Each structure stands twice: as structure tokens, then as C-alpha cells.
Amino acid sequence: MRVYESAEDYLEAILIVGKRRSVVRSIDVANELGFSKPSVSVAMKKLREGGHIEVDSEGYIHLLPTGREIAERIYERHRMLTDFFVYLGVSEAVAAADACKVEHDLSAETFAKIKEHVRRTMEADGPEWTKEDSDHPAEMKR
């Protein structure tokens, strides 16, 4: 089943909120993305039906293995691309916004080559993109 960009954004938001808090609710995802609660509810239903998340009896959202894999892949791309763009001299806000656009469209092959290049280039300068997630300034806010 093809996962669309919007689904990737929702899964990434669930992952990010989950890193900050012990539980994730639909309202947390709505706040993270700046979307309405009804829009998030519709998306959560689709993600649940697609086998990417589960919602427990208390309304807490949990990533299932397929959802976690997608979320982690997109989040890694987001973080690495944001930091690389900042390294190139782009402002933090513009870098994060551009990373959100690019993270979904790169092939695995292209991203692997960019990642390889970034590691070689930035490691010499003490890259900040390897720091812990909780310290990372470039989170979602679309």
C-alpha cells in the first residue's frame, strides 16, 4: 500500500510528540501540525485501517511497526536535511521548511548518497545533526 506525504507527516508527528511525552493523543498531533482536530481524526482512522497505528481504549496513539519504520525514515531525512541546509548557510526556519518539502520526494538511493556526502563533509566540522532528538531544534511545525 502506498503511503502518501500527508500520512508520512502524521506518522512523523506522532513519533516527535512521542519523543517529548509519554503518550500521544489526536489533539497533540493536531497541535504539532497546526491542523484541526476533525482533520486529524480522519487521518488517524485511515492510518489505523492501514495498519500503521493503533489507538487504545484511552485514546492514546501508538505506532505499529510499519508506522514506526515510516516515521523514523521521514524523521531521519527531516533532521539530516535541515541540519545540512543550515550548514550551507540557510536560516533554521527556511531550512526546516525546505526539509519538510524535500524529505518525502527523494529516492532511497539519492538520500543514501546525500547522507554519505553529509557525513563525510560535516563530520570534519563536528556535525550537530547527530545529537539527541530531544535537543534538536528543527521539529515539525509546517
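## Exercises on the helices of a predicted model

In α1, the residues A7, E8, D9, Y10, L11, E12, A13, I14, L15, I16 and V17 are buried. The model is a predicted one.

**Exercise 1.** State how many residues α1 has, how far the helix reaches, and which elements its buried residues pack against.

Solution. Step one: α1 has 16 residues. Step two: from first C-alpha to last, α1 reaches 23 Å, close to the 22 Å expected at 1.5 Å a residue. Step three: the buried residues of α1 pack against α2, α3, β1, β2 and α4 (65-87).

**Exercise 2.** Decide how α1 and α2 are oriented to each other, and list the residues that make their contact.

Solution. Two packed helices are described by the angle between their axes and the distance between the axes. Step one: for α1 and α2 the angle is about 105 degrees, and the axes are 9 Å apart. Step two: angles of 65 to 115 degrees count as roughly perpendicular, and α1 and α2 are therefore roughly perpendicular to each other. Step three: α1 contributes D9, Y10, A13, I14, I16, V17 and R20 to the contact, while α2 contributes D28, V29, E32 and L33. Step four: sorted by class, this contact of α1 with α2 has seven nonpolar, no polar and four charged residues.

**Exercise 3.** Work out how the buried residues of α3 are placed around the helix axis, and what lies on the other side.

Solution. Step one: α3 covers residues 37-49, which is 13 residues, and its reach of 18 Å from first C-alpha to last is close to the 18 Å expected at 1.5 Å a residue. Step two: V40, A43, M44 and L47 are the buried residues of α3. Step three: viewed down the axis of α3, these buried residues fall within an arc of 105 degrees, so they line one face of the helix. Step four: P38, K46 and E49, on the other side of α3, are exposed. Step five: the buried residues of α3 pack against α1 (5-20), α2 (26-33), β1 (53-55) and β2 (61-63). Step six: after α3 comes G51, with a positive phi near 80 degrees.

Technical notes:
Residues numbered from 1 in each chain as written. Predicted model: local features only at pLDDT ≥ 70, side-chain atom pairs only at ≥ 80, totals over all residues. Heavy atoms only, no water. Helix = DSSP H or I, 4+ residues; strand = E, 2+ residues; numbered from the N terminus. Expected span 1.5 Å × (residues − 1). Buried < 20%, exposed > 50% of the residue type's maximum accessible area, 1.4 Å probe, protein only. Arc of directions from axis to C-beta. Contact = heavy atoms within 4.5 Å. Axes fitted to C-alpha atoms, helices over the stretch in contact; angles between N-to-C directions. Parallel < 35°, antiparallel > 145°, perpendicular 65-115°, else oblique. Nonpolar A, V, L, I, M, F, W, Y, C, P; charged D, E, K, R; others polar.
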